[in-house]
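Morning, everyone. I have one structure to walk through today. Please have a look at it while I talk.

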Amino acid sequence: MAASTTAPSEAQHTNAHIDPAAQVADAGFVPVQTRSERPHSFEPTDFGAPTGREVNWKHTPVGQLSPLFTTATSNDGVDVSFVSGGEYVAAGLAAGDAPRGEVFLAEDVTAAVAWQGSTEALHVRIPREEEVAEPILVALTGRGADRRADAHIVIEALEHSAATVVLQHKGSAQYAQNVEIIVRDGAKLTVVTVQQWDDDAVHAAAHQARVGADATLKHFVVSFGGGVVRVNPSVELAGSGSEGYLYGLSYADAGQHLESQVYLHHKGPHTKGDVLYKGALQGESAHSVWIGDVLIGADATGTDSYEANRNLVLTEGARADSIPNLEIETGDILGAGHASATGRFDDEQLFYLQARGIPEEEARRLVVLGFLTDIVLRLGIPDLEAELLAAIEAELAEVDA
């Protein structure tokens, strides 16, 4: 069924114009400096093609992502199937059909492209007060590096429900994706996105969530595969007592670019947020980017928030960019902070292990495993944890080879 591509009303989404950062050369024009000030539009032409000079694109290889700057002419590059939990799929959502667009605000060209290119959004809906015991596993399989796809996915957990949704990406494609997450009052939702693409895949995703009163969202970004993978989560803790836990894990090999720009907005009072992303890098030109923005709004009294990014560089030629930012608009908070660290092996840890008879090669493997498994074991999904630990072991074997 053909669908309108009109955006929600201007009362919901304002400031629809090109990113001012692209106009920095104009006399007297001040570029956008903070995540909260970015403009929004559902029209790709309002943003134009990024040049790499914009504040939100300057660490990204825009040339490799350029296939995603225009809407797919043949939207058939990714097959979607449900390994489990298919009974929670509701009717598809055209643009303008609630709840599509209730939360989502396209803030860059790839998000606008995904909005326009997805005539019918996938809607995963957890009924009120239902607790789903097993993870809802969605397999997204690319059909080839030359195939394009645009997608919008809505994950909605109704009041006092509980569920885990896993988006698992494999194969290869050129994929522009939006994931809109709505956690109603009192609900508990975990969303995991796993990128295990082939090396020639290109994937840009915008995840945007709103968490209601006394509700909890756990959000995981796990990126191992793909040529260029950019997954940007944005979470608004809107309701009183809402909680958001944003975790990430990446392992970049030679030639890979793995990126996440994280935004956590404490909007309601007595909210709690924790952001922890960890990454390992090996190989010539392996590159990871993490930009973490936390905004504690004027009404977010009693907030407790912390964000951190840790990177372990395993070989020469790899590079990790890590930029934490914190805005606080009220002085009445419990606490807020941020941290960032990038380095090589901890010599003290290696010495400790070698002093107990463990060979250097095995000691290095144990240090990396200990560093990364911290995130894996927070998933609470035994099968997926085992799969990811095996993937980490396989990556480490390549270092030793």
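Let me start with a question: leaving aside its neighbours within four places in sequence, which residues is Ile 155 in contact with? Here is the list. Ile 155 contacts Val 124, Val 165, Val 179, Glu 180, Ile 181, Ile 182, Leu 189 and Val 191.

Before I go on, a caution. This is a predicted model. Mean pLDDT for the protein is 91, and 91% of its residues reach 70 or more. The exception I want to flag is residues 1–30, where pLDDT stays under 50. The model does have 55 contacts there beyond four places in sequence. Where pLDDT is low, the predicted coordinates should not be read in detail.

Now, back to the core. In soluble globular proteins, nonpolar side chains tend to be buried together. Here, the largest nonpolar core has 52 residues. Ile 155 is among those that touch the most other members.

A word on annotation. An unreviewed UniProt entry places the feature "domain: SUF system FeS cluster assembly SufBD core" at residues 148–371. That is the record's label, and such annotations may be inferred rather than shown by experiment. What does the chain look like over residues 148–371? It is 9% helix and 60% strand. The end C-alpha atoms are 36 Å apart.

Next, helix H3. How many of its residues are buried? The count is 9 of the 9, so H3 is largely enclosed by the rest of the structure. Val 109, Trp 115 and Gln 116 are among the buried ones. And what covers them? The cover includes helix H1 (44–47), E5, E7 and strand E9 (202–211).

On to salt bridges. The whole structure has 18 of them.

First on my list, Asp 79 and Arg 143. Their side chains meet at 3.8 Å, N to O. Asp 79 is in strand E1 (residues 78–84), and Arg 143 is in the loop between strand E4 (136–142) and strand E5 (148–157), so the pair ties together parts that are 64 residues apart in sequence. Asp 79 is partly exposed, at 41% relative accessible area. Arg 143 is partly exposed too, at 42%.

Next, Glu 102 and Arg 184. The closest N and O atoms are 2.6 Å apart. Glu 102 lies in the loop between strand E2 (89–93) and helix H3 (109–117), and Arg 184 in the loop between strand E7 (174–183) and strand E8 (188–195), so this bridge ties together parts 82 residues apart in sequence. Glu 102 is partly exposed, at 27% relative accessibility. A network of salt bridges links Glu 102, Glu 156 and Arg 184.

Then Glu 236 and Lys 267, which meet at 4.0 Å, N to O. Glu 236 is in strand E11, and Lys 267 is in the loop between strand E13 (257–266) and strand E14 (272–281), 31 residues apart. Is Glu 236 buried or exposed? Buried, with a relative accessible area of 16%. Lys 267, by contrast, is partly exposed at 43%.

Stay on E11 for a moment. Ser 234 lies in this strand, residues 228–237. Ser 234 is also buried, at 14% relative accessible area. Beyond four places in sequence, Ser 234 touches Arg 35, His 207, Gln 208, Ala 209 and Tyr 263.

Last, backbone geometry. Most residues other than glycine have a negative phi, and most peptide bonds are trans. Some places here depart from that. Ala 98 and Pro 99 are joined by a cis peptide bond, with omega about 5°. Pro 99 sits in the loop between E2 and H3. His 160 has a positive phi of about 60°. That residue is in the loop between E5 and strand E6 (162–170). His 270 also has a positive phi, near 55°. His 270 lies in the loop between E13 and E14. His 270 is exposed, with a relative accessible area of 52%.

That's my tour. Questions, please.

Terms used
Residues numbered from 1 in each chain as written. Predicted model: local features only at pLDDT ≥ 70, side-chain atom pairs only at ≥ 80, totals over all residues. Heavy atoms only, no water. Helix = DSSP H or I, 4+ residues; strand = E, 2+ residues; numbered from the N terminus. Buried < 20%, exposed > 50% of the residue type's maximum accessible area, 1.4 Å probe, protein only. Contact = heavy atoms within 4.5 Å. Core = buried A, V, L, I, M, F, W, Y, C linked by side-chain atoms within 4.5 Å. pLDDT = per-residue confidence, 0-100.
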